[in-house]
Amino acid sequence: MLKIENLTYSYSKRMALIENFNMNIEPGSVCGLLGKNGVGKTTLIYLICGLLKPQSGKVDFKGYTPYDRKTSFLEDVMLVPEEYALPNVTLEEYIRVNAPFYPKFDKTQLDHYLGIFELTPDLHLGKLSMGQKKKAFISVAMACNTSLLLLDEPTNGLDITSKRNFRRAIAECMSDDKIILISTHQVYDVDKILDHVVIADRHGVLLDSSINDIMDKFTFSFTTDRVRAENALIALEVPGGFNIAEPLTPDSQETDVNLETLFELVQSNQNIKNFHLS
């Protein structure tokens, strides 16, 4: 389990970037971390993997305190940041140097993930485009088979086909003993693969829930009926009508979760936390 309790972190004495943050994610989850720009999602990821030290509160993963940077923790956590540089070497050389740090690394799986992204194992990292580098790095990260995989804006820079391939790769990478945490603004790139959602702002977590629990409480749909939209919990005007969220009733049908609509619902009504409607 990944457990965060009362976490606070600040780059400035005047204002905390992350304050009183609490979150629990069970193994077997693909979790989306959503929030507006500047709420500290990337900082939170760095705190989770031990690159930053909490000023107060606690981060716990499988009994480890990440900032202690113990070898047994580091070999079971992989981070793919939004921005990074890869060395000017072949993939084979990159793997030869880095794979020994990850005991569960699987070369056969790496070749499989590369194939999903339409890449070949004989590539040279220095000759790749930015999008190709991202696909190669994500493939390596998944092949390391860590129990915790942290992805910060993983679909930025990917074309339409690559985004579809990314979703397939994540689905095939997932297992009951893993946690995959995806921080993203591109909700439509990941909405079909998430089974857990965390929505946060600078003052903490606004929503921490499984997709199934959300579907048990709300329905999401499109309507051209302005009156229905006005009576909905939230209505987002889109071309031709409105994307709306409504309470699930005995007479309504279960729907997929529209993450954009859910995000606006939570942001506009923080009393919805834990599904207690105002």
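The model is a predicted one, in which local features need pLDDT of at least 70 and side-chain atom pairs count only at pLDDT 80 or more, while totals for chains, interfaces and linings use all residues. Residues are numbered from 1 along each chain as its sequence is written, and side-chain values use heavy atoms, with hydrogens and water left out.

The buried residues of α3, which spans residues 91–98, are L91, Y94 and I95. Because these three cover an arc of only 95 degrees around the axis, they lie on the same side of α3; the arc is taken from the directions from the helix axis to the C-beta atoms. Their cover includes α4 (107–116) and α5 (130–143). Helices here are DSSP runs of H or I with at least four residues, and strands are runs of E with at least two, numbered from the N terminus.

| Helix pair | Axes | Angle |
|---|---|---|
| α4 and α6 (residues 160–173) | come within 9 Å | roughly 155 degrees |
| α5 and α6 | 11 Å apart | about 5 degrees |

Angles over 145 degrees count as roughly antiparallel, under 35 as roughly parallel, 65 to 115 as roughly perpendicular and the rest as oblique. Therefore α4 and α6 are roughly antiparallel to each other, and α5 and α6 are roughly parallel.

In the second, K135, I138 and M142 of α5 meet S162, F166, A169, I170 and C173 of α6.

Elsewhere, an open sheet of three strands runs in the order β10-β12-β11 with antiparallel pairing, and its edge strands, β10 (218–223) and β11 (234–238), each pair on one side only. Strands count as paired if DSSP finds at least two bridges between them; β10 and β12 (residues 241–247) pair over six bridges, and F220 has A245 as its bridge partner in β12. Helix α10 (residues 259–268) packs on this sheet, touching β10, β11 and β12, and its direction makes about 130 degrees with that of β11.

Technical notes: Contact = heavy atoms within 4.5 Å. Axes fitted to C-alpha atoms, helices over the stretch in contact; angles between N-to-C directions. Buried < 20%, exposed > 50% of the residue type's maximum accessible area, 1.4 Å probe, protein only.
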